[in-house]
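User: I would like to learn how to read a few features of a protein model. Please take them one at a time.

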Amino acid sequence: MNILITGACGHIGSYLVENLHKIKKVKKAFLIDNLESNRLDTLFNYKRKNKIEFFKRDLTDPESLKGFKNINIVIHLASMTNAAKSFNLKKEMYSNNLNSFKTVVDFCKKNQAKLIHVSTTSVYTKKVGLVDEKCEKKYLRPQSPYAKIKLLEEKILKNLGKKLKYNTFRLGTIAGVSKGIRFHTAVNNFCLSAALGENIKVYKTALHQFRPYLSLGDAFKLFKFAIEENFYENDVYNVVSNNFTVNEIIKKIRKHRKNIKISYVHSPIMNRLSYHVSKKKLSVKGLYLNSNLNRDIANTLNLLRNLK
Ligand SMILES: NC(=O)c1ccc[n+]([C@@H]2O[C@H](COP(=O)([O-])OP(=O)(O)OC[C@H]3O[C@@H](n4cnc5c(N)ncnc54)[C@H](O)[C@@H]3O)[C@@H](O)[C@H]2O)c1
């Protein structure tokens, strides 16, 4: 089968492309990115180039996918993704992410391609105990414009009914190394600070609060599972390796870097209390994810070993 991957030069996309040869069903992958994030280097030295073709396209252009034919699946990863910065870039982010989403949805509808839609566990708000996909509406209150857009996308898909085959996957915060690795999310950012000998900045109230995390390896397992098992139920699934407190993440880093220091800061997106995200619904379908992130953290710190 042929697949199209948007945002292919990003953190998750580059990892997916690097490991694509492990999904035997995929004969060819068309990679799309507007290179706004300047990560052309992610496209260098892929081992199995015969399977992939890259196209520079900006998905905000409704015509950008015109000409792509015989695509069976679209994995839509293209997005502006910095949640903390989304407060100041609200207009730009709404325009980029929603228009890109619309181009992809229209393409899928027209070409009968199935859609793997990626959302975030940041659509949830504070809750005591586990929060799952069936939670009451009051627990679906995203704090950042970034996560509000994701929830809007989910609703648009839901309202399409049977016009499209898709699943929405709410990913936990990604940890791990890829060619397109980013450092603005929690685990990677903490590793970078530790490697540079800088203080790890922890949001004042967050040290003992739980958050959901997803190892890049587990994210890949999800895509492989969806493609191989033809898993499109027009439904929403949480995708989480495990829930950890910030303190637990810091302990994992401390195993490799003994002298790390912490300082406390305030941030508007962290006003909420902690929440545990349930991964049961996906595991009932046959995909059980359980990384403890130790390897992701070790790999990230190893990547940064020459930083002082
Ligand atoms: N990384 C995480 O922790 C995390 C967690 C939950 C959900 N997600 C979601 O997973 C997806 C991929 O995340 P990522 O971490 O790889 O992000 P990323 O920022 O590393 O990559 C996104 C890519 O999309 C491209 N892009 C942005 N706008 C585009 C446009 N208009 N046209 C074409 N390309 C465009 C960028 O150039 C970039 O290469 C995103 O939807 C993100 O919201 C990520």
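User: Are glutamate 154 and arginine 170 buried or exposed?

Analyst: Both glutamate 154 and arginine 170 are buried. Buried means under 20% relative accessible area, exposed means over 50%, and partly exposed is in between, with a 1.4 Å probe and protein chains only. A word on the source: this is a predicted model, in which local features need pLDDT of at least 70 and side-chain atom pairs count only at pLDDT 80 or more, while totals for chains, interfaces and linings use all residues. Residues are numbered from 1 along each chain as its sequence is written, and side-chain values use heavy atoms, with hydrogens and water left out.

User: What does glutamate 154 form with arginine 170?

Analyst: Side chains of opposite charge can pair when their charged atoms come close. Glutamate 154 and arginine 170 form a salt bridge, with 2.6 Å between the closest N and O atoms. This pair links distant parts of the chain, 16 residues apart: glutamate 154 is in helix H3 (residues 145-159) and arginine 170 in strand E7 (residues 166-171). A salt bridge is a side-chain nitrogen of Lys or Arg within 4 Å of a carboxyl oxygen of Asp or Glu. Helices (H or I, at least four residues) and strands (E, at least two) are DSSP runs, numbered from the N terminus.

User: How many salt bridges does the rule give?

Analyst: The count comes to nine salt bridges. One of them joins the side chains of glutamate 63 and lysine 66, at 3.4 Å from N to O. Glutamate 63 is partly exposed because its relative accessibility is 48%, and lysine 66 counts as exposed because its value is 62%. Another salt bridge joins glutamate 136 and lysine 138, at 3.9 Å from N to O. Glutamate 136 has a relative accessible area of 49%, so it is partly exposed; lysine 138, at 47%, is also partly exposed.

User: At what angle do helix H1 and helix H5 pack?

Analyst: Two packed helices are described by the angle between their axes and the distance between the axes. H1 (residues 11-18) and H5 (residues 216-228) pack at about 65°, with their axes 10 Å apart. H1 is therefore roughly perpendicular to H5. Axes are lines fitted to C-alpha atoms, for helices over the stretch in contact, and angles run from 0 to 180 degrees between N-to-C directions. Angles under 35 degrees count as roughly parallel, over 145 as roughly antiparallel, 65 to 115 as roughly perpendicular and the rest as oblique.

User: Which residues of H4 and H6 meet?

Analyst: Val187, Phe190, Cys191 and Ala194 in H4 meet Val246, Ile249, Ile250 and Ile253 in H6, where contact means heavy atoms within 4.5 Å. By class, this contact of H4 with H6 has eight nonpolar, no polar and no charged residues. Ala, Val, Leu, Ile, Met, Phe, Trp, Tyr, Cys and Pro count as nonpolar, Asp, Glu, Lys and Arg as charged, and the others, Gly among them, as polar. The axes of H4 (residues 186-196) and H6 (residues 246-254) come within 11 Å and cross at roughly 45°, so H4 and H6 are oblique to each other.

User: What is phi of asparagine 70 near?

Analyst: Most residues other than glycine have a negative phi. Phi of asparagine 70 is near 55°, a positive value in a residue other than glycine. Asparagine 70 sits in the loop between strand E3 (52-56) and strand E4 (73-76). With a relative accessible area of 63%, asparagine 70 is exposed.
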